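Me: Could you walk me through this model and tell me what stands behind the words used for it? I would like to see each label set against its cut-off.

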Amino acid sequence: MPIVELSGGRTAEELRPEQQEQYVKDFTGTQGNMLRVHPCRTIVMNAYLRVEKDIYNFKFRPDDVLVMTYPKCGTTWTQEIIWTMRNNPNLDHPNSNEPLLSKSPFLEADMLTFDLMQKLPFDKFLTDSLFSNFKTRCPDLSFQRGIHIQVAESQTEPRVLKTHLPFCCFKPGLIDTCQVVFVLRHPKDVVLSYQHHCRLIRGHGFEGTQDTFIKYFLDDLLVWGSYGNIVNEAMKMKSHPNMHLMYYEDMKADIGAELRRLNDFLGTKLTAKQLKNVEAQTSFGSMQKNDPLRMMSSVMCNAEIAEKDGAFVRHGQSGAWKGKLTQQQEEMIDHYIAQNFDDPEILSRYQ
């Protein structure tokens, strides 16, 4: 397969022709050849090549907080929590309802939105609900560079950033520069939530069966690749003072306790009343009502799927997989957990 040289001595390799052919049948929103980045084996869309240098060389600041997760581990919830703790603990911020993509930029999102941007005049593209505040944030925004990167660079306040990429997709030293909040979730919940996500978002357009989707997950072929790899890399840094681990299950069981832990880690020094404000502002009901990403009014969302199977913020449950997987599917994911997660803390929770 053709090899593409990337920043930092990494390479990217196209999927095999037969894999790519099947991929575009199952994921009808796929544009261009899918790539596997080495050595981390992360799967990315072809448009990643347009922004990989800017991502790898992104200039993190000491007051940044980077939310790093595998998809569907509670990322949006965590972003909203941290942004509210740092910017709106008294619930009086005038722009608290700003779409999440502009107030908490998603560093590699250009690989997801590039195709839509090519189909529309740039000004019209920016009227979509997801991007409606980009020009306000970044008046000199240009279509010639990654727009999500530009919005992140334009922010002058302490930033809350997001990525689904592992550490190895960034220049070494990230963890020594800024704080990282890494969120984990049970793989069985992840795979079912990710399946819904890939059916809901037109840029994925998944139309296969649950068996098919689970096989992509187990073979590390979904966008962003292996859940095990990103977790294992992060767990090697869990004792670093700039690393904070959170588990979705703990957040659902006792969000108050998790907010207090975050308060200590971030150094936000919020009062008990302010933490209660954050809890209310970021509750499941509030998140579902407010739709922080504005995904449900975006052209990127498949309204028919949303009507039938649920919105972007859907269940917000821990253990929602129970009763929704066959015995064989459960056993296959159990085997994946045993083979792909190295840290005893993970295995004790999810085996």
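This is a predicted model: local features need pLDDT of at least 70, side-chain atom pairs count only at pLDDT 80 or more; totals for chains, interfaces and linings use all residues.

Me: Thanks! What makes strand β8 (residues 243–247) mostly covered?

Reply: Five of the five residues of β8 are buried, where buried means under 20% relative accessible area, exposed over 50% and partly exposed in between (1.4 Å probe, protein chains only). Strands here are DSSP runs of E with at least two residues, and helices are runs of H or I with at least four residues, both numbered from the N terminus. Residues are numbered from 1 along each chain as its sequence is written, and side-chain values use heavy atoms, with hydrogens and water left out.

Me: How do you know which faces of β8 are covered?

Reply: In a regular strand the side chains alternate between the two faces of the sheet. On one side of β8 sit M243, L245 and Y247, on the other H244 and M246, and all are buried, so both faces are covered. Strand β6 (residues 160–163) also has both faces covered, with V160 and K162 buried on one side and L161 and T163 on the other.

Me: Why are β7 and β8 called a pair?

Reply: Two strands pair if DSSP finds at least two bridges between them. Strand β7 (residues 179–184) and β8 have five bridges in the parallel sense, so they pass.

Me: Why do β1 and β4 count as edges of their sheet?

Reply: That open sheet has four strands in the order β1-β2-β3-β4, paired antiparallel. β1 (3–5) and β4 (42–44) each have a single partner strand, so one side of each lacks a neighbour in the sheet. For β4 the pairing is with β3 (residues 35–38), over three antiparallel bridges, and V44 is the bridge partner of L35.

Me: What is known about R41, and why is it called partly exposed?

Reply: R41 lies in the loop between β3 and β4. Its relative accessible area is 36%, which falls between the two cut-offs, so partly exposed is the label. R41 touches R36, G225 and N229, leaving aside residues up to four places away in sequence; contact means heavy atoms within 4.5 Å.

Me: How do you know that C40 is in no disulfide?

Reply: A disulfide is a pair of cysteine sulfur atoms within 2.5 Å, and the structure holds zero of them. For C40, the nearest cysteine sulfur, that of C168, is 3.4 Å away. The sulfur of C169 is 3.8 Å from its closest cysteine sulfur, in C40, so that pair is too far for a bond as well. Both C40, at 10% relative accessible area, and C169, at 0%, are buried.
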